[in-house]
Structures are given as structure tokens and as C-alpha cells.
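Open the model in your viewer and keep the sequence panel in view. The stops below each give a selection, followed by what is found there.

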Amino acid sequence: MAKRANGEGSITIRKDGTYHGRVYVTTTSGIRKRVSVYGKTRDEVRQKITELQAQENQGIPVPDTSMNLEDYLTYWLAMVVKVHRRPKTYQGYESVARVHLVPGLGRKKIRTLRAAEVRAWLARVASECQCCKHGWDKERPEPQCCAVGECCKALLSRRMVQSIHAVLRNALQNAVREELIVRNVAQLVQVPTPSYDTGKGLSVADARLLIRESAEDRLHALYVLALVLGMRRGELLGLRWDAVDLDRETLIVERALQRVDGELRLVKPKTLASVRTVPLPPVVVKALTDHRERQAQERAAAGMEWKEHGLIFTSRIGTPLEPDNLRRSWHPLRSRLGLEIRFHDLRHSAVSLLLDLGVPPHIVRQIVGHSDIGVTMKVYAHASLDEQRKALRKLGDTLS
């Protein structure tokens with residue numbers, strides 16, 4: 001039997017029937033070290049060894065417990081977040097790590113990091129004036145606040161502080177799973193919970209008004225889909241014609257359009273529950289049929305300038321619509337109708353209107369793609385004052 005090459009790895013079976021693999025790798029501290037992996041089958045262990053060897057060949061070191069937080073975040077972002085999370089999520093996590101976590105806690109060893117240190121640092125972050133910290137006022141032609149001794153108190157929002165804490169907590173939890181540290185000290189630290197405004201939503205009368213008054217708008221079908229099916233902005237702009245079957249009256253939500261690292265990309269929707277097949281009521285079928293005809297006219301008018309992407313909602317030459325530019329159509333429309341709501345509130349309106357009609361919450365959740373029925377009911381709780389008023393009036397009438 002031929003002798004294994006150095007670094008090839010070995011697999012043995014343990015007394016309890018599980019398999020134990022060992023392979024030499026380079027750690028983040030630059031030391032060659034023999035690490036162990038375990039699995040229920042030989043193939044499972046072999047796969048783990050192969051993955052470690054592939055990382056070794058690519059020059060990616062394996063983390064060890066002597067590493068500091070900066071090194072660990074670099075490893076975690078590249079090998080865990082970038083591989084398993086959506087591009088937009090990676091972009092947000094990387095920004096928080098680079099701007100806040102690395103400058104603040106980067107030199108701390110993950111093995112010896114204490115909850116008290118995290119707590120004190122987060123409190124300092126929440127109370128620091130960002131204008132003073134980053135010298136924004138100094139860069140102005142005529143300084144007017146922090147640089148002249150009049151601090152403007154530009155503090156981070158509660159939401160941002162919570163995000164910083166969440167990124168640190170998620171990173172350290174992965175270190176616990178990889179058995180690099182014993183406990184996640186960030187979980188022992190509490191931060192103030194921000195309040196979320198889910199928006200007012202539209203009444204039946206306002207919803208009818210919107211559908212009627214937007215009939216001549218080139219994005220009329222987009223507003224109908226948002227209001228009737230509760231689709232998210234990215235889901236709407238990433239919707240392709242091959243995901244719609246007007247004959248069978250169904251639509252599949254499986255992609256979302258997002259700007260990531262300076263370019264527009266079609267990515268997976270927000271959660272697993274967001275991938276869904278939805279039946280189309282007649283009002284939606286008509287809106288999409290009319291929109292297809294309108295798009296055919298725009299394609300003919302554009303001629304050679306048309307760039308086909310298969311998308312339903314595009315620019316006048318077929319290119320994807322910039323998510324932030326949707327406001328160029330939405331803001332004039334809502335102003336004309338006197339509606340002071342965000343575009344995302346159309347999604348909340350769909351939830352409230354469906355529940356008002358007596359549709360069971362679990363059905364509403366499936367239609368709009370909420371990850372949890374609690375989210376569905378939370379939206380409704382913020383937008384159902386009229387229904388609460390009716391219920392309390394009934395109770396009052398009964399008691400009086």
C-alpha cells in the first residue's frame with residue numbers, strides 16, 4: 001500500500017462509529033497545524049478534508065483562536081457571508097465591519113474578548129458625534145459646527161447601532177459553531193431596540209383611486225402588482241416575462257433586482273418564503289396584458305437601441321430600472337393624488353386590505369412572502385385602526 005503524501009490527510013474510525021479526519025493546514029497566525037474534522041461517514045469527512053485542502057491551495061488560512069477580531073472578520077466575510085448570504089447582505093456586513101467594528105475592536109483577540117468591553121464600546125459608538133469623529137465639518141469650505149466648537153450631535157440612529165451589534169453577534173456566533181470560542185459575548189450585550197414605522201397603508205377608496213388614476217402611467221401594472229400582490233420593489237423590478245403565465249393566470253417570484261457594488265444584479269429574494277407562486281386575479285392579468293402591448297410599442301419605437309433583458313418593467317430602451325429611480329414615477333403620482341405614503345406602503349396596504357376582507361393570515365403570508373406570520377400580523381396591527389374602531393364600537397354598543 002502506497003504511503004500518503006505529506007498533507008494529504010488521514011481518516012480513521014472512532015470507537016463510537018463516527019469518523020475522524022486529520023489534515024495539515026496553514027492557520028491565520030502563519031503556523032502549519034494538524035486540524036481534525038469529524039463526520040458520520042467516511043465520505044462526509046473526506047469532503048471536509050477536501051474543502052480544507054482546497055482553501056489551503058487557494059492560500060486561504062484556517063482561523064485559530066489566537067487571531068484578533070479584524071482577522072476573523074476578514075475570514076468570516078470571505079468564507080461564510082460572501083458564500084452563503086445575498087450580495088446585498090455581504091455588502092452591508094462588510095461596510096459595518098470596515099467602518100465600525102475593525103477600527104473599534106479589531107485588535108481584540110476573539111478568545112479573550114469580554115462582554116463588558118463590547119458593552120462599553122457600543123455605548124461609546126452610540127454617543128459619538130459622527131461629524132466630529134470623521135471631520136465632516138472640517139472638509140466644508142466654511143466650517144459651521146463641530147470644527148468651530150459647536151457640536152452638531154450627529155449621532156448614529158438606533159437602527160444603525162443595532163446593526164453594528166447584530167453583525168458582531170453573527171460573526172462571533174459563527175466562531176462558536178466552528179469551536180474557535182466557547183461563548184458569544186455579544187449575545188450577553190443588549191442594545192436599545194429601534195421602533196419601526198410600518199406605514200399607514202391605503203384605504204379601499206384610496207387604493208381604487210390609485211389604480212384608476214395611474215391607468216395611463218407606463219408603470220401602471222407595477223402599481224397594481226404592488227397593491228394587489230404586495231410584491232417588494234426589488235421583486236417587481238426583477239420580474240421576468242418567463243415567470244408569468246397569463247393563460248394559467250400564475251406568477252412566480254424567484255428573483256429581485258438590486259444594486260450591488262455599483263452594478264444592477266438579479267439576486268435571490270429576501271428569504272426562502274419570498275420564493276413563491278401566486279395566482280393572478282383578473283385585474284392583474286389585464287394590467288399585465290396591457291403592459292405587454294405597451295412594451296411591444298416601446299420596443300418597436302426604440303428599434304436598434306432596444307436592449308432585451310426579458311424583464312417586465314424596464315426603461316424605454318429595455319434596460320433594467322434603477323430601484324432608486326422608481327421614485328421619478330411614484331412621487332409625482334402620489335403628489336397628484338394627495339397620498340403621503342412610501343412606495344413600500346403599497347405592500348403593507350395589500351396585507352391590510354386582504355386581512356380586512358377576512359382572508360386567513362396564513363394565506364396572506366403566502367401571497368406576500370413574509371418569512372413569519374408574526375410579520376404579517378405586525379403590519380396589520382399598525383394599519384388597522386379603522387377595524388379596531390369598528391370592533392370597539394360593536395363592543396360599546398353591546399355593553400350600552
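## Salt bridges

Select Arg 212, which is exposed at 54% relative accessibility; here buried means under 20% relative accessible area, exposed over 50% and partly exposed in between, with a 1.4 Å probe and protein chains only. Before moving on, note that this is a predicted model, in which local features need pLDDT of at least 70 and side-chain atom pairs count only at pLDDT 80 or more, while totals for chains, interfaces and linings use all residues. Residues are numbered from 1 along each chain as its sequence is written, and side-chain values use heavy atoms, with hydrogens and water left out.

The side chains of Arg 212 and Glu 213 meet in a salt bridge, at 3.7 Å from N to O. A salt bridge here is a side-chain nitrogen of Lys or Arg within 4 Å of a carboxyl oxygen of Asp or Glu. Glu 213 is partly exposed, with a relative accessible area of 35%. By this rule the model has 18 salt bridges.

Next, select Lys 286 and Asp 290. Their closest N and O atoms are 2.8 Å apart, in a salt bridge. The two residues are four apart in helix H10, which puts about one helical turn between them. Helices (H or I, at least four residues) and strands (E, at least two) are DSSP runs, numbered from the N terminus. Lys 286 is exposed at 54% relative accessible area, and Asp 290 is partly exposed at 37%.

Move to Lys 133 and Glu 128. They form a salt bridge with the closest N and O atoms 3.4 Å apart. Lys 133 is partly exposed, at 39% relative accessibility, and Glu 128 is partly exposed too, at 26%.

To end this part, select Arg 218, Glu 298 and Arg 316, which are linked in a network of salt bridges.

Two packed helices are described by the angle between their axes and the distance between the axes. Axes are lines fitted to C-alpha atoms, for helices over the stretch in contact, and angles run from 0 to 180 degrees between N-to-C directions.

Select helix H2 (residues 69-84) and helix H3 (residues 87-105). H2 and H3 pack at an angle of about 175°, with their axes 10 Å apart. They are therefore roughly antiparallel to each other; angles under 35 degrees count as roughly parallel, over 145 as roughly antiparallel, 65 to 115 as roughly perpendicular and the rest as oblique. On the H2 side the contact (heavy atoms within 4.5 Å) includes Leu 69, Leu 73, Trp 76 and Leu 77. On the H3 side the residues include Tyr 90, Tyr 93, Ala 97 and Leu 101.

## Single residues

Select Gln 295 in helix H10 (residues 282-302). Is Gln 295 buried or exposed? At 3% relative accessibility, Gln 295 is buried. Leaving aside neighbours within four places in sequence, Gln 295 is in contact with Trp 241, Trp 306, Leu 311, Ile 312 and Thr 314.

Go to Arg 265 in strand E7 (residues 263-267). Arg 265 is partly exposed, at 27% relative accessibility. Not counting residues up to four places away in sequence, Arg 265 touches Pro 87, Ala 256, Leu 257, Gln 258 and Val 260.

Two loop residues follow. Lys 153, in the loop between helix H5 (130-134) and H6, has a positive phi of about 55° although it is not a glycine. Lys 153 is exposed, with a relative accessible area of 58%. Glu 249 lies in the loop between strand E4 (244-245) and strand E5 (250-253). Glu 249 is not a glycine either, and its phi is positive, at about 60°. Glu 249 is partly exposed at 37% relative accessible area.
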